[in-house]
Amino acid sequence: FSNLVPVFADVHPVTFCLDLRSAELCMDQKTAAILPIDIFGRLANYGLLQKLGKPMFEDACQAVGGWGPGLAGSYGVAASFAFQGVKNVPAGEAGMLCTSNAQFAITARKWISHGENWRDECGAAEIGINGRMNEITACIAYHGLLAVKARNVHRRRLALELWRRLKDEARVRVLTPQEIEGHALYVYPLVLRGGVDRAAFCRRLKRLGVETSEGYIRPHLGHYPAFKSAVRIPMPVVEELSESTLVLLLQVRPPATLTHMRYLAWAIKMALDAGKSARRAKLGQVDASAF
């Protein structure tokens, strides 16, 4: 795959994952593989994407422990998971590659160890990197994997509380119980509706003690100089989410409690109401009856 040219497609407005129709527009007889991303912890629609008839490599870095209906990492030729410090398995850094393809596994093992030819089935030595995980990180990741199921259950419990508090608020779109099921909830995506001013909304939340992220760094990787040669198609959904409607919440995760979610929902409502003065507050300094 070293000589392939990346082609970026748009995302689905509800799932934020690779959109089937957009992917079809990008494909031709030269298409070698598809790389769906399980963004924010939600799995792409692999049932539909598999019908495209191309090998898939799953970016499940944000979806450790997610499912929908199969487990994250079980759909493609191979899948990657990340153990960076804020991921669902926080080991500080590094990650994991999963595959059921024996030859791909041999090639990957060889590549992360300088390309050294230490086993006969690896064939001729090739250039590689030193990508081996150190033992301390591996130990932390191992215990994180043992705990990830319980942690993800807690994340979904928090998300359901947020849904209960905000489901009738027309100015935001929150995850429904059906969407929350199986979601790894690496971060919580909140979508603004009705022309809400995102910058002003986030400023008000900050004054209430709630940090947010506006959009997602850049609209897509095609905007990075390293991908200036990539093929681009119109991506109206990505542009709208990135530039005006998507707000990422980092609070819907352990060790937060249901009380924290009630405060978060109250703060969101306060920030949406431009007619009220939003003053910085902390959970213990607000009358609980308000939320």
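Is Phe 57 buried or exposed? In this predicted model, in which local features need pLDDT of at least 70, side-chain atom pairs count only at pLDDT 80 or more, and totals for chains, interfaces and linings use all residues, Phe 57 is buried, with a relative accessible area of 17%. Residues are numbered from 1 along each chain as its sequence is written, and side-chain values use heavy atoms, with hydrogens and water left out. The term buried denotes under 20% relative accessible area, exposed over 50%, and partly exposed the range in between (1.4 Å probe, protein chains only).

Aromatic pairs were examined next. The structure holds five of them, a pair being rings of Phe, Tyr and Trp (its six-membered ring) whose centres lie within 6.5 Å, with planes under 30 degrees apart counted as stacked, over 60 as edge-to-face and the rest as tilted. The pair of Phe 57 and Phe 104 is tilted, because the ring centres are 5.8 Å apart and the planes stand at 45 degrees. Phe 57 belongs to strand S2 (residues 57–59) and Phe 104 to helix H3 (residues 102–111), so the pair ties together parts that are 47 residues apart in sequence. Helices (H or I, at least four residues) and strands (E, at least two) are DSSP runs, numbered from the N terminus. Whereas Phe 57 is buried, Phe 104 counts as partly exposed at 25% relative accessibility. Tyr 263 and Trp 266 also form a tilted aromatic pair, with 5.5 Å from centre to centre and 35 degrees between the planes. These two residues both lie in helix H8, three residues apart, about one turn of the helix. Tyr 263 is buried with a relative accessible area of 7%, and Trp 266 is buried with 18%.

The nonpolar interior was then described in terms of cores, each a set of buried Ala, Val, Leu, Ile, Met, Phe, Trp, Tyr and Cys residues joined through side-chain atoms within 4.5 Å. The largest nonpolar core has 40 residues, and those with the most contacts inside it are Phe 40, Phe 81 and Leu 241. At least two residues of this core are supplied by each of helix H1 (20–26), helix H2 (46–49), strand S3 (78–82), helix H4 (135–166), helix H7 (236–245) and strand S9 (246–249). H7 provides the largest share of this core, three residues. With its neighbours within four places in sequence set aside, Leu 241 is in contact with Val 11, Phe 16, Val 191, Arg 198, Gly 215 and Leu 246, contact meaning heavy atoms within 4.5 Å. A second, separate core of 32 residues includes Ala 159, Ile 180, Trp 266 and Met 270.

Salt bridges, defined as a side-chain nitrogen of Lys or Arg within 4 Å of a carboxyl oxygen of Asp or Glu, number six in a search of the whole structure. One of the bridges joins Glu 179 to Arg 42, with the closest N and O atoms 2.9 Å apart. The pair links distant parts of the chain, as Glu 179 is in helix H5 (residues 177–180) and Arg 42 in the loop between H1 and H2, 137 residues apart. Both partners, Glu 179 and Arg 42, are buried, and the relative accessible area of Glu 179 is 11%. Beyond its neighbours within four places in sequence, Glu 179 is in contact with Val 14, Arg 42, Arg 173 and Val 174. Glu 179 and Gly 68, 111 residues apart in sequence, are 9.6 Å apart in space, C-alpha to C-alpha.

A salt bridge also connects the side chains of Glu 161 and Arg 262, at 3.9 Å from N to O. Here too distant parts of the chain are linked, with Glu 161 in helix H4 and Arg 262 in helix H8 (residues 258–272), 101 residues apart. Glu 161 counts as buried at 6% relative accessibility, whereas Arg 262 counts as partly exposed at 24%. Glu 161, Arg 164, Arg 165 and Arg 262 are linked in a network of salt bridges. The side chains of Arg 171 and Glu 169 meet in a further salt bridge, at 2.8 Å from N to O. Arg 171 is partly exposed, with a relative accessible area of 31%, while Glu 169 counts as buried at 13%.
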